[in-house]
Amino acid sequence: MIMSIFKIQYKIYSMYKIHFFSDFAGHILFPVLINVLFWKGMADSNVLDYSFVDLMVYIIMANLVMSLSQVAIEQKLSNDIRSYKLAQQLLIPVSYHKKVAIETISSGLVRFLFVYLPLVILILILYGKMNLLFFILGIISILFSFILNFLISAILGEFSFWLTEVWGIAAIKNLVFVVFSGAMFPLDILPVNILIAFKFLPFSYMSYVPTKILFGNYPFEGIFHSYIIASAWCLILFCIERNIWKFGLRKYESCGA
């Protein structure tokens, strides 16, 4: 089943070329362009620990990482829950969450292999930061980012057991992630106390930490500490998601075919 879903996702991605261009423009080109214009003004008028080139390279990589690990299944879950589709899915002998996870992973893997991985490697090589060890550690950190994004997106989607629409919450989620994950600016330009507080929240592990690891600019001993905190958040969010799903199914009703 896994290979079948992966092949379907690959065919969809390769058949409709607009998927590639819209994905590239919406998640990389436009966000990076906006950040470049904004931070060029900041770098020209303020003293930062980053040079303008360093800042731009960081922002490009951070947006790549954020886009790579971004998951938006809340609308799919919402549509299924508010219609008869969830009831149909629950009747087949395959776990609903397993099917959604495989579809999401397959789609993300296709994008990773054919879009993001070549760009990440190219940036690291051109910037002189290609280090196999930090590259592997960075990929592991991106995996944690993907899991965090998946669980939060699933939780928001499952709010549809009680809410009519979740798109407003999803929009707020996307804004919060962009700002607090470090995709818009490197978090280490913030005051030390705020940066320390961010280390205990899940957001920095979605973009900032993986990006710094890929560049080899994150303390080596801190990498494994980041894995521990990210793992703890994954466990917490997983428990929350399971309980929301359990209580949601108790009130779920469906009709139609």
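Mentor: Welcome! Let's start with one term: a residue is buried when its relative accessible area is under 20%, exposed when over 50%, and partly exposed in between, using a 1.4 Å probe and protein chains only. This is a predicted model, in which local features need pLDDT of at least 70 and side-chain atom pairs count only at pLDDT 80 or more, while totals for chains, interfaces and linings use all residues. Residues are numbered from 1 along each chain as its sequence is written, and side-chain values use heavy atoms, leaving out hydrogens and water.

Trainee: Thanks! Does Cys234 count as buried or exposed?

Mentor: Look at its relative accessibility, which is 11%. The limit for buried is under 20%, so Cys234 counts as buried.

Trainee: And what does Cys239 count as?

Mentor: Its relative accessibility is 38%.

Trainee: How many disulfides does a search of the whole structure find?

Mentor: A disulfide needs a pair of cysteine sulfur atoms within 2.5 Å. Searching the whole structure for such pairs, the number found is zero.

Trainee: Which side chain makes a polar contact with the side chain of Lys173?

Mentor: Lys173 is in helix α8, residues 167-180 (helices are DSSP runs of H or I, at least four residues, and strands are runs of E, at least two, numbered from the N terminus). Lys173 is buried, as its relative accessible area is 6%. A polar contact is a pair of N or O atoms within 3.5 Å; within protein, one must be able to donate a hydrogen and the other to accept it, and residues adjacent in sequence count only if both atoms are side-chain atoms. At 3.1 Å, the partner of Lys173 is Glu74.

Trainee: How many aromatic pairs are there?

Mentor: Rings of Phe, Tyr and Trp (its six-membered ring) pair if their centres lie within 6.5 Å; planes under 30 degrees apart are stacked, over 60 edge-to-face, and the rest tilted. By this rule, the count is twelve.

Trainee: What kind of aromatic pair do Phe161 and Trp162 form?

Mentor: Phe161 is buried at 6% relative accessibility, whereas Trp162 is partly exposed at 45%. Their ring centres are 5.9 Å apart, and with 75° between the planes the pair is edge-to-face.

Trainee: Over the face of which residue does Lys246 lie?

Mentor: A charge sits over a ring if NZ of Lys or CZ of Arg is within 6 Å of the ring centre and within 35 degrees of the ring normal. Lys246 is at 5.2 Å from the ring centre of Phe247.
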